Amino acid sequence: MSPAASFGVRWARDNLTREATEDEIQALNIFPVTCDGDEVEASKRARRYYTARGPGGLTELWHKRHPDDDEILSSCQDTYIVPLRARSRGGSRMTLIRLPAPAINRTLSAKALLARWLMILDIRLQEDPTPGDEVVFIDVTDLQPSHLKNHFRGSHWRDFIWCIRSAYPRKFSAIHIINTQRLKTMSLLLLHMGLYPWRRKIFHTHADPEQIKRAMGFDCFPQEGLPYEYGGKAGAMKDLNDEWTKKLLLNSKWLQMEERKYYETELKPPIKRDKRSVRRLRASISYDILTRTHSCRSLKCDEYDEGLQGAYRTLKVSDRDYYV
């Protein structure tokens with residue numbers, strides 16, 4: 001195989017026991033971008049990606065993918081999930097969630113909501129398999145304690161966090177919970193949902209739109225791509241949500257085929273690499289110190305002293321000379 005082959009092609013050749021589809025190759029090629037070019041870490045993430053989607057990997061949030069299920073269809077009316085077409089100036093994707101939808105008084109099902117969200121993420125990835133961070137805004141304007149009640153379990157949200165880290169190649173850079181001015185127990189809500197441990201890392205709460213603008217800074221979203229309710233021109237939230245409900249139903253067979261494909265996929269045993277092997281030094285990076293894993297002999301240094309540690313010493317590097 002040509003050394004110029006993409007990461008996805010090379011990883012599939014080394015790790016899959018079957019031929020990878022074009023969609024899989026495109027998804028695999030996202031991993032090096034989210035890992036800042038580190039192919040070793042990208043390879044580990046790609047393996048977790050397949051392991052998570054295989055048998056015994058993910059919870060039933062991912063494995064029972066039936067958009068026409070009554071509970072899923074009910075969730076489509078209870079909560080709006082709208083991935084926007086337009087990207088931010090920095091290339092991020094945005095998803096708007098209205099939790100709950102206006103005039104909804106019944107208890108929400110977290111399981112159906114999150115299972116539906118994962119299906120939407122996969123459809124979106126299939127439509128646009130290019131890199132880019134995910135930014136989420138959850139509007140809790142109408143959220144009341146009665147919407148949560150008994151089966152709004154925090155374990156479902158913890159499973160979801162694990163899913164988006166393991167079974168989704170793109171990175172969630174921030175989740176903003178907006179319009180919290182009417183919600184007096186925000187900390188209790190996050191604790192109940194199981195999200196409190198991640199609050200300082202990616203979760204941010206905002207009581208007014210000005211806080212949102214300050215949080216986004218330069219990386220803002222174009223007004224043309226936002227729904228009417230948020231000062232945009234893309235359409236009403238309900239209409240945009242209905243479009244994604246139709247898209248879910250149209251992709252029902254594809255979602256189940258994807259589930260079956262990953263469930264039946266076997267991975268080759270991982271390749272064990274010698275931990276003592278020296279990684280290649282990148283030309284673009286300057287190093288102030290070379291550790292003793294670099295041999296004095298290989299650096300053609302005549303003044304080395306073989307002691308108990310062998311011919312390895314810590315060296316300081318200047319622009320022209322090596323100093324022991």
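**View 1. Thr141 sits in the loop between β3 and α8 (154-166).** Helices (H or I, at least four residues) and strands (E, at least two) are DSSP runs, numbered from the N terminus. This is a predicted model, in which local features need pLDDT of at least 70, side-chain atom pairs count only at pLDDT 80 or more, and totals for chains, interfaces and linings use all residues. Residues are numbered from 1 along each chain as its sequence is written, and side-chain values use heavy atoms, with hydrogens and water left out. Which side chains does the side chain of Thr141 meet in polar contacts? One is that of Asp139, at 2.4 Å, and another is that of Asn179, at 3.1 Å. A polar contact is a pair of N or O atoms within 3.5 Å; within protein, one must be able to donate a hydrogen and the other to accept it, and residues adjacent in sequence count only if both atoms are side-chain atoms.

**View 2. Strands β3 (residues 134-139) and β4 (residues 172-178) run as a parallel pair over 6 bridges.** Two strands pair if DSSP finds at least two bridges between them. Look for Ile138, whose bridge partner in β4 is Ile177.

**View 3. Here is the open sheet of 5 strands, in the order β1-β2-β3-β4-β5, with mixed pairing.** β1 and β5 (203-206) are at the edges with a single partner strand each, so one side of each has no neighbour in the sheet. On average, neighbouring strands of this sheet are turned by 20° against each other, direction ignored. Helix α11 packs on the sheet, where it touches β1 and β2 (93-98), and its direction makes about 80° with that of β1. Axes are lines fitted to C-alpha atoms, for helices over the stretch in contact (heavy atoms within 4.5 Å), and angles run from 0 to 180 degrees between N-to-C directions.

**View 4. Helix α6 (residues 70-78) has Ile72, Ser75, Cys76 and Asp78 as its buried residues.** These residues lie on the same side of α6, because they cover an arc of only 165° around the axis; the arc is that of the directions from the helix axis to the C-beta atoms. Buried means under 20% relative accessible area (1.4 Å probe, protein chains only). What covers the buried residues of α6? The cover includes β1 (80-83), α7 (110-127) and α11 (237-250).

Conventions:
Buried means under 20% relative accessible area, exposed over 50%, partly exposed in between (1.4 Å probe, protein chains only).
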